[in-house]
Amino acid sequence: IALPGGAGTLEEIFEQWTWAQLGIHQKPCAFLNVHGFYDALLNMIQGTVDNGFTQSRFVEKLIASDDIQSILEQFEHYQPAMPKWGEHAKVHP
């Protein structure tokens, strides 16, 4: 869970999200979006889908909420996306 922070926080959450896409782990990644802190970033991430740089299945698996209890509940029911590469990977438009 990324709380509002700077470059180090962003580096850490993006590394974990990348590893999830690559199938290195199957854990959820979340943004605790206090007072809309991550709104612009989440819009930018959606822009990477809109411009063909990120597959939507990976963005759909990102969890963002201003309520920690909601994040924890979503963690309990989390199902990872198919990894980008590897024997179990599938290409999704």
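A cavity is taken here as a set of points, on a 1 Å grid over the protein atoms alone, where a 1.4 Å probe fits but cannot get out, and a residue lines it when it has an atom within 4 Å of a point. By that definition the structure holds one cavity of 30 Å³ or more, where grid points are joined across faces, edges and corners and a volume is the space filled by probe spheres set on the points. The model is predicted, so that local features need pLDDT of at least 70 and side-chain atom pairs count only at pLDDT 80 or more, whereas totals for chains, interfaces and linings use all residues. Residues are numbered from 1 along each chain as its sequence is written, and side-chain values use heavy atoms, with hydrogens and water left out.

**Cavity**

**Nonpolar cores**

- A nonpolar core is a set of buried Ala, Val, Leu, Ile, Met, Phe, Trp, Tyr and Cys residues joined through side-chain atoms within 4.5 Å, with buried meaning under 20% relative accessible area, exposed over 50% and partly exposed in between (1.4 Å probe, protein chains only).
- The largest such core has 13 residues, of which Trp 17, Phe 31, Ile 45 and Leu 62 touch the most other members.
- Two or more residues of this core come from each of helix H1 (7-22), helix H2 (39-50) and helix H3 (56-60), and H2 gives the most, with three.
- Another core, of five residues, lies apart from it and has Ala 30, Ile 63, Ile 71 and Tyr 78 among its members.
- Beyond its neighbours within four places in sequence, Trp 17 is in contact with Cys 29, Ile 45, Thr 54, Phe 58, Val 59 and Leu 62, where contact means heavy atoms within 4.5 Å.

**Helix H1 and Gln 21**

- The 16 residues of H1 should span 22 Å at 1.5 Å a residue, which agrees with the 22 Å between its end C-alpha atoms; the expected span is 1.5 Å times one less than the number of residues.
- Ile 13, Trp 17, Ala 20 and Gln 21 are the buried residues of H1, and because they cover an arc of only 100° around the axis, they lie on the same side of the helix; the arc is that of the directions from the helix axis to the C-beta atoms.
- The cover over these buried residues includes strand E1 (30-32), H2 and H3.
- Gln 21 counts as buried because its relative accessibility is 9%, and, leaving aside neighbours within four places in sequence, Gln 21 is in contact with Phe 58, Pro 83 and Lys 84.

**Helix H2**

- H2, with 12 residues, reaches 16 Å from its first C-alpha to its last, close to the 16 Å expected at 1.5 Å a residue.
- Its buried residues are Leu 41, Ile 45, Gly 47, Thr 48 and Val 49, and what covers them includes H1, E1 and H3.

**Backbone with positive phi**

- His 35 has a positive phi of about 50° although it is not a glycine; His 35 is placed in the loop between E1 and H2 and counts as exposed because its relative accessibility is 82%.

Definitions and conventions:
Helices (H or I, at least four residues) and strands (E, at least two) are DSSP runs, numbered from the N terminus. On a 1 Å grid over the protein atoms alone, a cavity is a set of points where a 1.4 Å probe fits but cannot get out, and a pocket is an open set with protein on both sides within 12 Å along at least five of seven lines; lining residues have an atom within 4 Å of a point.
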